[in-house]
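Please show me how to read a protein model. I would like to go one feature at a time.

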Amino acid sequence: MIRYLLSGGIYMVPIVVSFFLIIIISVKNFKGAYHVNKIMLIGSFAGLFGIVATGIALNNAVSILPDISKISPQILWSGIKVSFVTTFSGGVTLFFSTVLWYVFSIRNSS
């Protein structure tokens, strides 16, 4: 799993940092209300950044299509597959932050 996440390259850094920020804010929320809405904001950033990073990676992958006769289809497919790592990771981070935001919102509203 770690190898899969590392294959996302430099675009994974903001998503991983967002994930750790969500964890830090969530730990502080167990003591009392602490920036509950920022959990959702950070998760949304991670999800949107994952989509943008996938767009950039797909653009790079298909830019070699004019030279398709010189490369292996497996290499192209591997590049396209890796480009979706950031979307998947951003989506998981967004889902995780949405669940935590909902739990802490309900808990702190009572």
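This is a predicted model: local features need pLDDT of at least 70, side-chain atom pairs count only at pLDDT 80 or more; totals for chains, interfaces and linings use all residues.

Q: Which elements have the lowest and the highest mean pLDDT?
A: Helix H1, residues 2–6, has the lowest mean, 73. H2 has the highest, 94.

Q: How many residues does helix H3 have, and what does it reach from its first C-alpha to its last?
A: Helix H3 runs over residues 36–62 and has 27 residues. Its first and last C-alpha atoms are 40 Å apart. At 1.5 Å a residue, 39 Å is expected, so the span is close to that.

Q: Which residues in H3 are buried?
A: Buried means under 20% relative accessible area. In H3 the buried residues include Val36, Ile39, Ile42, Gly43 and Ala46. Further along, Gly47, Gly50, Ala53, Thr54, Ala57 and Ala61 are buried too.

Q: What covers the buried residues of H3?
A: The cover includes three helices: H2 (12–29), H4 (73–83) and H5 (85–109).

Q: Ser83 is found in helix H4. Is Ser83 buried or exposed?
A: Compare its relative accessible area with the cut-off. Ser83 has 3%, so Ser83 is buried. Now look for contacts away in sequence. Leaving aside neighbours within four places, Ser83 is in contact with Thr54, Ala57 and Leu58. Of these, Thr54 and Ala57 are themselves on the list of buried residues in H3.

Q: Where is Met12, and what is Met12 in contact with?
A: Met12 is in helix H2. Its relative accessibility is 5%, so Met12 counts as buried. Neighbours within four places in sequence are left aside again. Then Met12 is in contact with Leu5, Val85, Thr86 and Ser89.

Q: How many residues apart are Met12 and Phe49 along the chain, and what separates their C-alpha atoms?
A: Sequence and space are two separate scales. Met12 and Phe49 are 37 residues apart along the chain, and 9.2 Å separates their C-alpha atoms. Phe49 and Gly91 make another such pair: 42 residues apart in sequence, 9.8 Å from C-alpha to C-alpha. For contrast, take Pro73 and Phe30. They are 43 residues apart in sequence and 50 Å apart in space, C-alpha to C-alpha.

Q: Is Pro73 buried or exposed?
A: Exposed means over 50%. Pro73 lies in helix H4. With a relative accessible area of 58%, Pro73 is exposed.

Q: Which residues form a nonpolar patch on the surface?
A: Ile10, Val13, Val17, Leu21 and Ile24 form the patch. Together they have about 450 Å² of accessible area. Take Val13, found in helix H2. Its relative accessibility is 44%, so Val13 counts as partly exposed.

Q: What is phi of His35 near?
A: Most residues other than glycine have a negative phi. His35 has a positive value, near 50°. His35 lies in the loop between H2 and H3. At 39% relative accessibility, His35 counts as partly exposed.

Note on methods: Residues are numbered from 1 along each chain as its sequence is written. Side-chain values use heavy atoms; hydrogens and water are left out. Helices (H or I, at least four residues) and strands (E, at least two) are DSSP runs, numbered from the N terminus. Buried means under 20% relative accessible area, exposed over 50%, partly exposed in between (1.4 Å probe, protein chains only). Contact means heavy atoms within 4.5 Å. Patches are made of residues with over 30% relative accessible area and no salt bridge: like charges are joined within 9 Å, nonpolar side chains (Val, Leu, Ile, Met, Phe, Trp, Tyr) within 5 Å. Accessible areas come from the Shrake-Rupley method with a 1.4 Å probe; for residues, only the protein chains shown count as cover. A salt bridge is a side-chain nitrogen of Lys or Arg within 4 Å of a carboxyl oxygen of Asp or Glu. pLDDT is the predictor's confidence in each residue, from 0 to 100.
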